[in-house]
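I opened my notebook to look up how this chain is put together. I start with the whole and then go to the parts.

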Amino acid sequence: MPKCDAEKNQPKLGVFKFTSCDGCQLSLLNLEDDLLALGQALDIAYFPEASSKMNPGPYDLALVEGAITTEEDAHRIRSVREQTKVLVTIGACATSGGIQALRNWADVDSFKQVVYPSPHYIHSLKTSTPISEHARGFRIVGLPHRQRPVVAGHHGPVGWRSASGACRKASVWNARGAEMSV
């Protein structure tokens with residue numbers, strides 16, 4: 001089970017990207033001042049879109065965007081899940097396969113022949129699938145989110161609050177607003 005950063009007493013966050021446009025990660029970066037507060041409440045250990053700091057897991061919370069479109073993606077999401085206490089998928093790609101899922105109703109090999117000058121270098125799965133087909137967790141559905149509904153301290157579906165003991169306690173709110181401790 002992941003442990004909090006002993007020195008800072010903060011839950012450890014990882015933000016991971018799979019096949020996507022990066023819109024959900026950009027929405028997180030657009031939190032502006034709230035992002036600073038989030039950085040004080042969490043140890044943002046892995047977020048390549050935001051920082052060159054890429055500390056390994058385990059993580060208390062992983063936010064995941066993107067769909068699974070390659071064998072490498074499928075292997076990597078299983079690895080992320082194994083080292084994460086709470087996994088939350090964000091956005092349409094992660095929760096439903098995204099725009100990439102349009103290929104699920106077409107001949108992928110034909111597309112590769114038309115689109116790529118060297119299609120033999122493209123190694124993709126026949127379908128684009130949501131994260132939930134590969135790893136269990138929570139999800140926040142929809143396209144890239146506005147600022148507050150994704151993560152903003154106690155304002156959104158994912159929040160962090162102090163609890164007795166060494167670590168802060170993660171709380172995830174479901175669609176009805178009921179708090180679920182994790």
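**Entry 1: the whole chain.** I noted first that this is a predicted model. I looked up the secondary structure and found six helices and eight strands in the protein chain. I then read the elements from the N terminus on: β-α-α-β-β-α-β-α-α-β-α-β-β-β.

Entry 2: I checked how much of the chain is buried. Of its 182 residues, 43% count as buried. The exposed surface comes to about 10200 Å². Carbon and sulfur atoms supply 54% of that surface.

**Entry 3: contacts.** I took the contacts with a separation of 6 or more. Residues 24 or more positions apart account for 67% of them.

**Entry 4: the sheet.** In what order do the five strands of the open sheet stand? I read β2-β1-β3-β4-β5, with parallel pairing. Why is one side of β2 and of β5 left without a neighbour in the sheet? β2 (43–46) and β5 (138–140) stand at the edges, and each has a single partner strand, so one side stays without a neighbour. I also looked up the twist, which averages 25° from one strand to the next.

Entry 5: I followed β1 (residues 12–17) and β3 (residues 59–65). They pair in the parallel sense over five bridges. I picked out Gly 14, and its bridge partner in β3 is Ala 62.

**Entry 6: a helix on the sheet.** I ended with α3 (residues 71–82), which packs on the sheet. Helix α3 touches β1, β3 and β4 (84–90). The direction of α3 makes about 130° with that of β4.

Terms used: Residues are numbered from 1 along each chain as its sequence is written. This is a predicted model: local features need pLDDT of at least 70, side-chain atom pairs count only at pLDDT 80 or more; totals for chains, interfaces and linings use all residues. Side-chain values use heavy atoms; hydrogens and water are left out. Two strands pair if DSSP finds at least two bridges between them. Helices (H or I, at least four residues) and strands (E, at least two) are DSSP runs, numbered from the N terminus. Axes are lines fitted to C-alpha atoms, for helices over the stretch in contact, and angles run from 0 to 180 degrees between N-to-C directions. Contact means heavy atoms within 4.5 Å. Buried means under 20% relative accessible area, exposed over 50%, partly exposed in between (1.4 Å probe, protein chains only). Accessible areas come from the Shrake-Rupley method with a 1.4 Å probe; for residues, only the protein chains shown count as cover.
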